[in-house]
Amino acid sequence: MTDAFAVAWKEWRELLGQRGFGGKSGIVLFLAVFGIALPLQTGPSWITSPIVGIAWSWVPMFLVSTVIADAFAGERERHTLETLLATRLSDEAILFGKMVAAIGYAGAMTAGSLVLAEVAVNLVKSPSGIVFYQPATLLAMAVVGFLGAVFVAAIGVLISLRAATVRQAQQALGGTIIALLVLVVTGARLLPVEWKPNVAANAPTVWLFAIVGMGALVLLDIAVVALAMLRFKRDRLIAD
Amino acid sequence: MTPPAVRTANLSRMFGVVRALDDVTLEIPRGIIFGFLGPNGSGKTTMIRLLLGLLEPTTGTAEVLGCDTRSAAAAIRQQSGALLEHCGLYERLSAAENLDLYGRFWRIRAAERRARTKELLTLLELHDRCHEVVAGWSRGMKQQLAIARALFHRPSLVFLDEPTAGLDPVAAVALRDRLARLSESEGVTVFLTTHNLAEAERLCALAGVVRKGRLLAVGPPAQLAAARGETSVEIAGTGLTGPMLAMIRIHAAVQSARTDGRSLIVGLKDPAGVPQVIAALVGAGYQVESVRNTAGSLEDAFHSLLELQP
């Protein structure tokens, strides 16, 4: 893991060194909007509403998708990939380092926004004492957000491995995510009608669905990460 | 017995139908600078990629520092450093951060990384700019930093792929001098590819000439020059044409002939053949201004070798 974190350290340093909205200013802007402005505008419900959990579990995936396309396509475009591959680092260290960097970035930004919102709302907008996120909401956010982030990171790495440019990788990743979203929404709509009221009205069923869903996401993550590892071949990356 | 730095046997690599490296058998002892010479597209970069285990050979075998490139590529990369076709520096990072990063990759402790960064950047006279982002640096400075990066973890073997390519003559000479100093002080084996023959002649203890993937000759530069380039003359004049050059190349007394734009350089099978060659040239309309015997150089040997191959 030491090697993977060395790669991740490099990714973070590069991210912070980026100019414009991709770098520090983008981070500050994101935290200002999602950590201060929107929570203050919304008020305590930003913290207490269960919708927050659903909304925020998508944010890590979105944030990962903004940086992961650069993982290998960016190195290729900036002519640093071959030198990186010529180091002593193992395939796994390079691959996981890239994923750790993207997931860590998304996690830090999400956590940062949530903490800032908690502070901002309680300082300015809470009329009835201090409000906290619901533990169950936080847990669901963390688990689903993490699993989703791993999934998008692995898909992003897979695409970035073969893309000639960052732009191409971003376009392919965007298209893939939209296609997956359409698939999930269509799948949900195709659920038998008699299941739907049960899900809404029955808490144990909701938990069962959540657990089955998370289990499926774990399996999906394992499959996509394994595929990314299979596709990571130094020989092909150099020869392509 | 310590194995040589590099040992290859019938090493070949195909890209589709293109044979980038063709049946190369070579042995490079440790502790020297080896020059791998050849024109663009001759297979020099492919050779480095194969030796680093970044590409797999199509046929044949290669051992680097006693490790097989197919089965122990990770061990080879552990003990090697590389400056490849592109300098591969992270342009959003500073010079010190670039070196520090590679120290982290080789799991060097933080205090040692700082000391090594200072040592190398001081040696390269770049220390006062170590906190600058390298994006704004000149190509020469980047190449020097990339060499420092390749040597950072004190490897046993360093691959340098045309380190002076694209540099102006002053920067190239400075880099060459520093490279010689560094390789001596670090006691490292250097595998250097270049098409700059003066560079190879000055730096290398052993050189191999490659063309179209085939290794044409291996030996100390002086020996290659003596074997191939001892009987050459430089004929300055005006009015040289392509047919004239073709005629001279098939002359009985001529080993090889080429032009550097100003003069005609003719390698001779026999020094006594000079008058016949001059007479043939004058007869064909070439206006000879001067004729000068040139001492055998690696450049003559190189061109002679390339011309002998189909």
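The structure is a predicted model, in which local features need pLDDT of at least 70 and side-chain atom pairs count only at pLDDT 80 or more, while totals for chains, interfaces and linings use all residues. Residues are numbered from 1 along each chain as its sequence is written, with chains lettered from A and ligands numbered from 1 in the order in which they are written.

Chain B carries 11 helices and 14 strands, taken as DSSP runs (helices: H or I, at least four residues; strands: E, at least two) and numbered from the N terminus. Of the 310 residues in chain B, 47% are buried, that is, with 20 or more other C-beta atoms within 10 Å of their own, the C-beta atoms being placed from the backbone.

Chain B splits into domain 1 (6–225) and domain 2 (231–294), with bounds from an automatic or database domain assignment. The centres of these two domains of chain B, taken over C-alpha atoms, sit 38 Å apart. As for contacts (C-beta atoms, placed from the backbone, within 7 Å), 71% of those in chain B between residues at least 6 apart in sequence join residues at least 24 apart.

Where chains A and B touch, chain A puts in 23 residues and chain B 24 residues. On the chain A side, α1 (2–17), α6 (81–85) and α12 (234–239) each give two or more residues, and α1(A) has the largest share, with 7 residues. That side of chain A divides into 7 nonpolar, 8 polar and 8 charged residues; Ala, Val, Leu, Ile, Met, Phe, Trp, Tyr, Cys and Pro count as nonpolar, Asp, Glu, Lys and Arg as charged, and the others, Gly among them, as polar.

Notes:
Buried ≥ 20, exposed ≤ 12 C-beta atoms within 10 Å, placed from the backbone. Contact = placed C-beta atoms within 7 Å.
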